[in-house]
Amino acid sequence: MNIYTLTHVPTEDLPEGVTCHVAEGLSELHTALSAGQADLLLIGEEHAEALLTDLSTLVKTPWAGAVIIIVPDEERMRVATYQKRGAATAWLESDWEYQLHRYCADQLQLSKNERSLSVLNGRKMPLVIAVASSYHGNGCTHTALMIAKYLQSIRGARVAVVEATKEDTTFRIIEQEIGATSKMDRKYGFTFQYEQLYMICSGIAVSALETIIHDSQFEYVVLDLGVLEHYAHPSFFFQADMQVLLSARSPWNVVKTLDALENFSPWPKEEVRIVLPRGTRSDRQYVAELIPTQLVHTLTGTSNPLELTEQVIQELHIILAPLFPRSKRQDRLMSI
């Protein structure tokens, strides 16, 4: 991975496989872009205008890299402006090195694990649904369990739901409530089985999580990632076949959701679905107006995530519809 910059040189060593080139001027950056040598351009705001003006003419072929602008903290509102001009995002002067290290780690993992989540080496792989929240306490585990239960009981699928964060208390608490069978799995550690639903507790290594999402014994894997910005490996969210980000109507929670999306701007976010637990139709309309780039859904609340009402089943069918093959007649009905 090749990073080109003019003025912002990392003071700490970058991960193995990442090289930072300090250009002597904009012409050297232009050359790197034209030759397809740059994976990331890290540019101070003083050079942003000149570079973004020339970007479309310099990049002649589809480019998988990104331009990221470093802005003063007081200019944080200029992120959207630079994105419209062609930049992936803008980082603040106060934490750009932290953002760079996280970005590099994610890109290296994406390159290492670049694969189809559905098919690998001719074997059918499970479809992966990643559930995360823009803030703590919004029912991420509850929603992940509802989705898993829907897939297991309504779709008749064999499902694994993974509590991927360090907060592993939920599955243990509900063990007695649902009469699940607990065991120590050789590959995945402590698990609970309830009918065709497998609940896997947290604390597993990234390698074990990779094993789960490649495990052909499951048709679906639902990942409970907790607060997205706090999860150490966001690539698992953005590489999933479906990404569900929980939010709420209140203005401060909408801001947190926008921040969560902007902080991961180099990742594609077109398919991220915003879900409002316990939300109303007016809530959905309000949030959809503030976040027009994403599909917004509501999900009726339930006291027990493994007991789904008819209303919840209908809502989950709409949210998860892209995962299921549909007939032409169903396509017409969905468009009405």
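Reader: At what angle do helix α5 and helix α11 pack?

Author: This is a predicted model, in which local features need pLDDT of at least 70, side-chain atom pairs count only at pLDDT 80 or more, and totals for chains, interfaces and linings use all residues. Residues are numbered from 1 along each chain as its sequence is written, and side-chain values use heavy atoms, with hydrogens and water left out. Helix α5 covers residues 140-154 and helix α11 covers residues 310-320, helices being DSSP runs of H or I with at least four residues and strands runs of E with at least two, numbered from the N terminus. With their axes (lines fitted to C-alpha atoms over the stretch in contact, angles running from 0 to 180 degrees between N-to-C directions) 10 Å apart, the two helices pack at an angle of about 95°.

Reader: Which residues of α11 make the contact with α5?

Author: Contact means heavy atoms within 4.5 Å. On the side of α5 the residues are M146, I147, Y150, L151 and I154, and they meet, on α11, V312, I313, L316, H317 and L320.

Reader: Which strands are the edge strands of the open sheet?

Author: The open sheet has 5 strands with parallel pairing, in the order β2-β1-β3-β4-β5, where two strands pair if DSSP finds at least two bridges between them. Each edge strand pairs on one side only, and these strands are β2 (19-22) and β5 (89-92).

Reader: Is C104 buried or exposed?

Author: Buried means under 20% relative accessible area, exposed over 50%, and partly exposed in between, with a 1.4 Å probe and protein chains only. C20, at 25% relative accessibility, counts as partly exposed. C104 has 0% relative accessibility and therefore counts as buried.

Reader: How far apart in space are L29 and I43?

Author: L29 lies in helix α1 (residues 26-34), and at 0% relative accessibility L29 counts as buried. Leaving aside neighbours within four places in sequence, L29 is in contact with several residues, including Y4, L41 and I43. L29 and I43 are 14 residues apart in sequence, and their C-alpha to C-alpha distance in space is 10.0 Å.
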